[in-house]
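Take a look at the sequence and the coordinates, and then we can go through the computed values together.

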Amino acid sequence: MLKLPSIDQFISEFDTVLRTLAASAQSERPHPDASVAELEMSAADKQHAAGLMRVNHCGEVCAQALYQGQALTARNPATRDALREAAHEEVEHLAWTEARIADLGSHKSLLNPLWYAGSLAIGIAAGVIGDKWNLGFLAETERQVAEHLQSHLSQLPEQDAKSRAIVAQMHIDETHHAEKAEELGAAALPFPIAKAMQLSSIVMTSLSYRV
């Protein structure tokens, strides 16, 4: 049986929303591009790189909301811990992508509040269904994100080694999250659900690249 959150927990969760959407994220680890030289890029390449990094930042905003919702409704402490650990690393990804977007002279997606609300609702629903499906949702999400990041490594401008360094480390982290979920007993999601997740990701990617 699910327990309603206490007032203190509600305040804590609301603080997570505000920090994700309104504050600058902080990274405990060094930024992966810290020692990478900034090379000259054309205006078009900069704009393209910024669009891709905006999509990646938006994905991390969605991940924060998704894991927040899943952790709120998870029944098993080990499942909650796995979700909160993944969310903690996603904060670092937020910091890395946000800083890179600023370096490229661009802005974060204006649609982030919309994506956050939708992802939070999906995360809560996934947790209500049960822990093995909750973990399955985590594993499938991370697999799709890892594939998405791999595709960005081939799409980023050749001169943009800084963005590549960030995306490469994010890919390593996301793959680890998927593996951890599988170790904890994640159930394989039915094909229609996995496909629906993929299609919704395409819509989010297309809009966030531009706005």
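What radius of gyration would a compact globule of 211 residues have, and what does the protein chain have? The globule would come out near 17 Å, and the protein chain has 17 Å, so the two agree. Here the radius of gyration is taken over C-alpha atoms, and the globule rule is 2.2 Å times the number of residues to the power 0.38.

## Ground rules

This is a predicted model, in which local features need pLDDT of at least 70 and side-chain atom pairs count only at pLDDT 80 or more, while totals for chains, interfaces and linings use all residues. Residues are numbered from 1 along each chain as its sequence is written, and side-chain values use heavy atoms, with hydrogens and water left out.

## Overall fold

The protein chain has seven helices and zero strands, giving the pattern α-α-α-α-α-α-α along the sequence. Both kinds of element are DSSP runs, numbered from the N terminus: helices are H or I with at least four residues, strands are E with at least two. Along the principal axes, the C-alpha atoms fill a box of roughly 55 × 35 × 30 Å.

Contact means heavy atoms within 4.5 Å. Among contacts between residues at least 6 apart in sequence, 88% join residues at least 24 apart.

## Surface and charge

Of the 211 residues, 44% are buried. The classes are buried at under 20% relative accessible area, exposed at over 50%, and partly exposed in between, using a 1.4 Å probe and protein chains only. The accessible surface comes to about 10,600 Å², and carbon and sulfur atoms account for 62% of it. These areas come from the Shrake-Rupley method with a 1.4 Å probe; for residues, only the protein chains shown count as cover.

The chain carries 17 positive and 27 negative charges, and their mean positions are 5 Å apart. Lys and Arg count as positive and Asp and Glu as negative, leaving out His and the chain ends. Each charge is placed at NZ of Lys, CZ of Arg, CG of Asp or CD of Glu.

## The cysteine pair

A disulfide is a covalent bond between the sulfur atoms of two cysteines. With the cut-off set at a pair of cysteine sulfur atoms within 2.5 Å, the count is zero.

Cys58 sits in helix α2 (residues 43-73) and counts as buried because its relative accessibility is 0%. Beyond residues up to four places away in sequence, Cys58 touches Asn112, Trp115, Met204 and Ser208. Cys62 is buried too, at 13%.

Leu114 belongs to helix α4 (residues 112-129). Is Leu114 buried or exposed? With 54% relative accessibility, Leu114 is exposed. Its C-alpha atom is 9.5 Å from that of Cys62, 52 residues away along the chain.

Glu98, in helix α3 (residues 77-103), counts as buried at 15% relative accessibility. Setting aside neighbours within four places in sequence, Glu98 is in contact with Ala23, Ser24, Ala25, His57 and Lys108. Glu98 and Lys46 are 52 residues apart along the chain, with 15 Å between their C-alpha atoms.
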